[in-house]
Each structure stands twice: as structure tokens, then as C-alpha cells.
Amino acid sequence: MIVVMQTGATKGQIQQVEEMLIHLGFKTHPIYGEVKTVIGAVGDKRLLNTQLITNMPGVEDIVPIMKPYKLASKELKQTKTTIQVDDIIIGGQEIVIMAGPCAVENEQAFYETAYKVKEAGAKILRGGAYKPRTSPYSFQGLEEEGLKMLDIAREETGLKIVTEVLDTRDVEVVAEYADILQIGARNMQNFRLLKEAGASGRPILLKRGLSATIEEWLMAAEYIISSGNPNIILCERGIRTFETATRNTIDISAIPVVKELSHLPIIADPSHATGTWKYVTALSKAAVAAGADGLLIEVHNDPTRALCDGPQSLRPDKFTQLVDELKAVAVAVHRTI
Ligand code: PEP
Ligand code: MN
């Protein structure tokens with residue numbers, strides 16, 4: 001539920017209400033708006049003495065949150081959440097582009113790709129060091145060695161780093177190197193991992209599960225926020241449908257739907273959604289037109305030799321062209337790149 005404080009409620013009054021809610025066994029999440037402050041309170045409703053809270057000085061009202069996800073919901077917070085990584089703002093006016101190979105493979109090629117995606121306009125460099133592969137015989141990633149290459153690429157290019165954490169045992173080391181932790185589609189409901197990655201304090205890029213509903217996805221986000229980390233970027237990466245012409249089916253409608261239901265920023269990953277580089281440009285445009293706050297795109301210097309996801313990876317020149325073409329779409333929806 002939400003405790004709505006009166007306009008002009010003092011800091012002391014807000015604190016008293018929070019203390020009372022905590023005393024009653026609730027977890028509190030105050031949101032300081034320009035006009036009003038509201039306090040999200042999550043816990044067992046039966047423990048709530050409504051009369052007691054409404055009679056406290058500065059309290060205007062108590063409103064229940066109907067959705068099962070509380071802290072991720074627009075009911076609690078109407079203003080968009082923005083996630084700041086140094087000077088990069090995700091969820092603001094600018095479409096933030098994250099790009100790079102599926103996996104960090106080879107030092108020299110990786111640094112070259114990093115420079116090229118930066119030149120094209122990417123702000124964040126991607127590259128997996130721990131890879132969730134369908135086959136145990138496929139390349140599994142360079143692990144910490146790969147993280148070190150990401151670190152060097154950041155130093156050299158100034159790009160920020162997003163990389164996947166696969167397992168709770170790796171959260172500490174990945175968080176040491178990454179600016180943003182990625183939770184992959186296969187782990188969207190790995191609740192221990194969600195909590196531990198959240199507790200690292202790094203922003204989390206939360207991919208939608210292969211067959212997850214939007215509600216399940218937002219519930220996964222709720223795990224992270226309720227563990228004390230509100231900095232979540234949702235990522236639509238395609239879902240399983242009956243269609244086999246593409247690797248997955250991008251759910252474009254998820255973008256406006258999520259924006260209606262949640263205050264969290266949402267980006268799209270047209271690479272994993274299609275599995276084919278040829279479709280990536282068209283779907284990047286569609287995602288931005290639908291309101292995506294950013295894109296996650298796989299780019300590889302030589303896709304034919306990629307150890308992972310080559311068929312969906314763009315060559316750097318094609319990626320540069322994509323970003324150029326995207327600018328007009330961004331302008332049409334009052335955004336910038
Ligand atoms: C990836 O980003 O390389 C990846 C494995 O993505 P997903 O979890 O969406 O399959
Ligand atoms: Mn990939």
C-alpha cells in the first residue's frame with residue numbers, strides 16, 4: 001500500500017510515519033516527489049492499523065496497490081525512473097545504445113570492436129564473460145579473464161560495461177568489473193541470483209524470460225527492488241512463440257505495456273529477438289518508435305568466426321549505418337541518440 005503524505009508534510013512527519021510502519025513490520029520505500037511524498041509500505045496487510053496511520057500528523061491517505069508487483073508499479077511511482085551510470089542516463093531523453101559482441105573472445109578484436117561501436121554512437125559496451133549456452137560443449141566464456149578485457153576496454157574507450165552474471169557465486173567478481181549487471185533470460189526467475197545481484201548495488205539489466213509474461217517479468221524486478229536496489233533496466237529480448245522464422249518473436253507491445261504498468265526504463269534487444277542480423281535494423285527502429293529507452297545490439301568484427309551468436313551479429317559498418325538510420329526515428333518520437 002501507499003501512504004500519501006500531505007503537501008507540505010515535514011521531514012520529521014515523514015520519518016515518524018516510516019518508523020511506525022517499520023514498527024508494524026513493514027518495509028518502507030519513500031518516494032520524494034516535487035509536490036508530495038508517498039511512502040510505499042510492503043508487508044502483511046493484516047498487521048496494519050489503518051486508523052493509527054491515517055491519524056498521524058502529515059498523513060493524507062492510505063491507498064492499496066492492486067498489482068502484485070508493488071515497488072515496480074506505476075501505482076506507487078508515477079514518474080519515470082532514470083538510471084544513471086556516470087554521465088549516461090537510461091530512461092531519459094536520450095536513446096542509450098549498448099553494443100558489442102555476444103562474448104568476449106579475443107583481446108585485440110574485442111578492443112577494435114569497442115572503438116568502432118563507440119565511434120558509431122554506442123555509450124555502453126556489451127560482452128559476455130560467462131555465457132549461458134544451450135550445449136555444454138559450446139564456448140562457455142573466458143570468465144574472469146574476459147572481465148579483465150572488459151575492464152581494459154572501458155579504460156581505453158571510456159565506454160561503460162554491461163555483462164552477464166550467471167550464478168550467485170560470481171556476483172562479487174562480476175560486480176567488481178561491470179557498471180551494469182545483466183541477468184539473462186534463462187535466469188529471470190532465479191530468485192536467489194536476483195536478490196544477490198540486486199544487493200551488489202550495481203544497476204541491473206533484467207532480460208525478459210524466454211516464456212515469461214509481463215507480470216512475471218515485473219515480479220522478477222520486484223525481487224530486485226525489494227532487496228534494496230531500484231536501479232533496474234528491463235530488456236525485451238523476444239519470447240518463444242509458434243513462429244520459427246525468427247529465433248524468438250520480439251514483443252513490441254511489451255514496450256508500451258510496461259511503460260503503462262511500471263516506472264522502470266525498458267530497452268530492446270533485437271539481436272536475440274530475431275537471431276538474424278538482417279532483421280536487426282528494422283526491429284531496432286520499431287522498438288525506438290514504440291518507446292524503448294535504449295537498445296542492446298550484438299556487433300562482431302567478423303561474425304562468421306564468432307564463437308557465439310555470429311548469425312545475429314552486425315558487422316561494425318552495418319551497425320554504424322543502423323545508428324544513423326535510427327536518428328530520424330528518434331527525432332520522430334521526440335528522442336535523441
Ligand atoms: C546475451 O545477451 O548474450 C544473452 C545470452 O541473452 P539472453 O539471456 O537474452 O538469451
Ligand atoms: Mn548473445
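**Contacts and fold**

I began with contacts (heavy atoms within 4.5 Å). Of the contacts in the protein with a separation of 6 or more, 67% are between residues 24 or more positions apart. The model is predicted, so I note its limits: local features need pLDDT of at least 70, side-chain atom pairs count only at pLDDT 80 or more, and totals for chains, interfaces and linings use all residues. Residues are numbered from 1 along each chain as its sequence is written, chains are lettered from A and ligands numbered from 1 in the order in which they are written, and side-chain values use heavy atoms, with hydrogens and water left out.

I then looked up the secondary structure, taken as DSSP runs numbered from the N terminus (helices H or I, at least four residues; strands E, at least two). The protein has 11 helices and 14 strands.

**Size and surface**

Along the principal axes, the C-alpha atoms fill a box of roughly 70 × 45 × 40 Å.

For burial I used relative accessible area: buried is under 20%, exposed over 50%, and partly exposed in between (1.4 Å probe, protein chains only). Of the 337 residues, 53% count as buried. Accessible areas come from the Shrake-Rupley method with a 1.4 Å probe, and for residues only the protein chains shown count as cover. The protein exposes about 15000 Å², of which carbon and sulfur atoms supply 51%.

**Ligand 1**

An oxygen atom of ligand 1 lies 2.8 Å from a side-chain N or O atom of Arg126. For Lys131, a polar side-chain atom is 2.9 Å from a ligand 1 oxygen. Ala185 uses a backbone N or O atom, at 2.7 Å from an oxygen of ligand 1. The protein covers 97% of the 290 Å² of accessible area that ligand 1 has on its own.

**Single residues**

I looked at Ser271, in helix H9 (residues 270-274). Ser271 is buried because its relative accessible area is 0%. A polar atom of the Ser271 side chain lies 2.9 Å from the backbone nitrogen of Glu298. Leaving out residues up to four places away in sequence, Ser271 touches Thr276, Val280, Leu296, Ile297, Glu298 and Gln312.

Ala245 sits in the loop between strand S12 (232-236) and helix H8 (254-261). At 56%, Ala245 is exposed. Its C-alpha atom is 52 Å from that of Leu47, 198 residues apart along the chain.

I also checked phi. Most residues other than glycine have a negative phi. Glu143 has a positive phi of about 55°; Glu143 is in the loop between strand S8 (124-126) and helix H4 (144-157) and is partly exposed at 42%. His334 has a positive phi of about 60°, lies in the segment after helix H11 (316-332) and is exposed at 63%.

Note on methods: Polar contact = N/O pair within 3.5 Å; in protein donor to acceptor, adjacent residues only side chain to side chain.
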